[in-house]
Amino acid sequence: MTFKKKRLLKLSALLLTGAAFTLGVSACSSQSKSSNKKLVRTANLSANYPIVTLDISKAQGYDQAGNLFDSLMYMNKNHQAVPALASKVQTSKDGKTYTFTIRKNAEFSNGDPITAQSFVYSWQRSLNPKTKSTHAYLFNGIKNAEKINFGKLSVNQLGARATNKRTLVVTLDHPIAYFTKLMTYQAFSPQDQKVVDKYGNKYGQSDKTTVFSGPYIMTKWHPEANTWTFKKNQDYWDKSAVKMNKIHMNYEVDPQTSLSLYQAKKLDFTIITGDQVKNYQNSKNLYHGPYSYMNYIVYNQKIKNQHLRKAFNNVNIRKAISLTIDRKQISNNLLNGQSLKPTGLVTKYLAYDPKTNQDFANEQAGRQAVSYNPKLAKQYWQRGLKQLGIHQLTFTLLSANDDNTKKVTEYIKSTAEKQLPGLTINLQNLPTSISYQRSVNHDFEAELTGRGADIADPTSFLQPMMSHNPLNNSQWSNNQFDQLINQAIYTNNKNESVRWHKMLKAEKLLMDQQAVTPLYQDYNVYLKRPYLHGITHNTTGSQWNYKYLYINK
């Protein structure tokens, strides 16, 4: 998950549906025009984030995971789910049974075969409540998945079974409209039980205690490493498509350090931020594109401090703070065009009305909850203070310590304190890994956080706000909202318009309650050498994919 004119990539219709797009022309056309150029098999790239774990059952996000782990399906550049580790997929007439045929040549990076049971084991492990996977909710809808995750049934009762080595049969409780898209996500990748059993708690904590199913393996990595290397996976089923032997990755907290490495020609690609964008706005090596990642404020509504718990559970207090924030100021000035002003919780360019083809972001009613209205903010504030019987409120806002996030938290503190008498916001900017752990453990008062869409569907942002979802860091709860999302996911899937309007209704309820406070959507801006081709930038799921990367010099 990520932070990100006038030579800008033109955004195709495919991109605007949450599709992947590729930096550079296609391999066949470029190579035919570059026959005199040499194919270079090593690249040096910057990374958005450090990698915390290689254990897909315990990962919080999958920013680079598409380079290391394949799933049953793959999202191609036309935004279609096509076979990956599965060579074929069949669907029953009632839409409740999927049969996947695993490729004959599918292997893990240690040479062990990838079988249907490799998927069954992986899914069961993620759903086991002892694993504490934050993505277990994605399996809901597969028969018995939710009951297994809540400890009510054995993992062996999951509706996923291997009828033989190459046949995986998945049974659903109800048809799921986006199920094949879901199968492209790395949370559903296979795992080698032999390796997991061998290393136990050390599994996924180093490159030597992990095996991979994707185009690359990891080397020279440990948790929170700032540098690591992707090395071509010689056991990969589609290794002939992988041109690079090594990709050296570099993560820098300070974007200026990363830019300096690029200027010194030690990096071929780097993400730029802040004033850097202004300085390079006329560069022909500048590219940009949206990512379906929404940044927002959450308030810990079950915090032990009773004073803060009452304040954070007061909708007028939450609304008041939101109305003091000018999102246009954040997007246009503070972040120099590296973000988009939100219209609610769901990002732009993610999903489209099945009847009108209108962007969900343009139809959602949440835009009223992200407006800038200082006068109304004061009214809500005074009403909230009166209800609480207090005259002032002080809390700490937790966030990561990258440059953009620090700017935004400083702005929020300044504008909210200025407009709301008696409010004091203390800022706590910590390294990503620490702020992440604090967030997962609900060890915060309020925090600036966010999430990216797993798939191109509004439920990617709505489902995590359900009452018992592990990603619901605010611990906000609303039965009507839960019911609407359950219906949108598991019922009425054949009537897309009914489903669509249930999601719109759920989003309106969420924003009317100001369950979270949307701030801005990420818009990536980066510099790329002209000889670098084939990087796939996905607007959902695993953001950066280098399977088709190649360099001609």
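The structure, a predicted model, holds 19 aromatic pairs. One of them joins F139 and F188. This pair is tilted, with 4.4 Å centre to centre and 45° between the planes. F139 lies in the loop between α2 and α3 (145-149), and F188 in the loop between α4 (179-182) and α5, so the pair ties together parts that are 49 residues apart in sequence.

Y98, F100 and F179 form one aromatic cluster.

Charged side chains also lie over aromatic faces. R529 is placed over the face of Y262, at 3.8 Å from the ring centre. K547 is placed over the face of Y74, at 5.7 Å from the ring centre.

Four strands build an open sheet in the order β6-β7-β9-β8, with antiparallel pairing. The edges are β6 (86-91) and β8 (160-164); each has a single partner strand, so one side of each is left without a neighbour in the sheet. Neighbouring strands are turned by 20° against each other on average, direction ignored. β6 is joined to antiparallel β7 (residues 97-102) by 5 bridges. Within this pairing, A86 stands opposite I102 of β7. Helix α2 (residues 116-127) lies across β7, β8 and β9 (167-171). Its direction is at about 160° to β8.

V196 is part of helix α5 (residues 193-199). This residue is buried, with a relative accessible area of 7%. Not counting residues up to four places away in sequence, V196 touches Y121, R125, Q191 and Y203. The C-alpha atoms of V196 and D55 are separated by 9.4 Å, although the two residues are 141 residues apart along the chain.

Helix α17 (residues 496-512) has 17 residues. From first C-alpha to last, α17 reaches 24 Å, close to the 24 Å expected at 1.5 Å a residue. Its buried residues include W500, M503, L504, L509 and L510, and also R499, K502 and E507. The cover over the buried residues of α17 includes α11 (360-363), α15 (459-462), α16 (479-490) and β19 (517-528). Just after the helix, Q514 takes a positive phi of about 50°.

Definitions and conventions: Residues numbered from 1 in each chain as written. Predicted model: local features only at pLDDT ≥ 70, side-chain atom pairs only at ≥ 80, totals over all residues. Heavy atoms only, no water. Pairing = 2+ DSSP bridges. Helix = DSSP H or I, 4+ residues; strand = E, 2+ residues; numbered from the N terminus. Axes fitted to C-alpha atoms, helices over the stretch in contact; angles between N-to-C directions. Contact = heavy atoms within 4.5 Å. Expected span 1.5 Å × (residues − 1). Buried < 20%, exposed > 50% of the residue type's maximum accessible area, 1.4 Å probe, protein only. Phe/Tyr/Trp six-rings, centres within 6.5 Å; stacked < 30°, edge-to-face > 60°. Lys NZ or Arg CZ within 6 Å of the ring centre and 35° of its normal.
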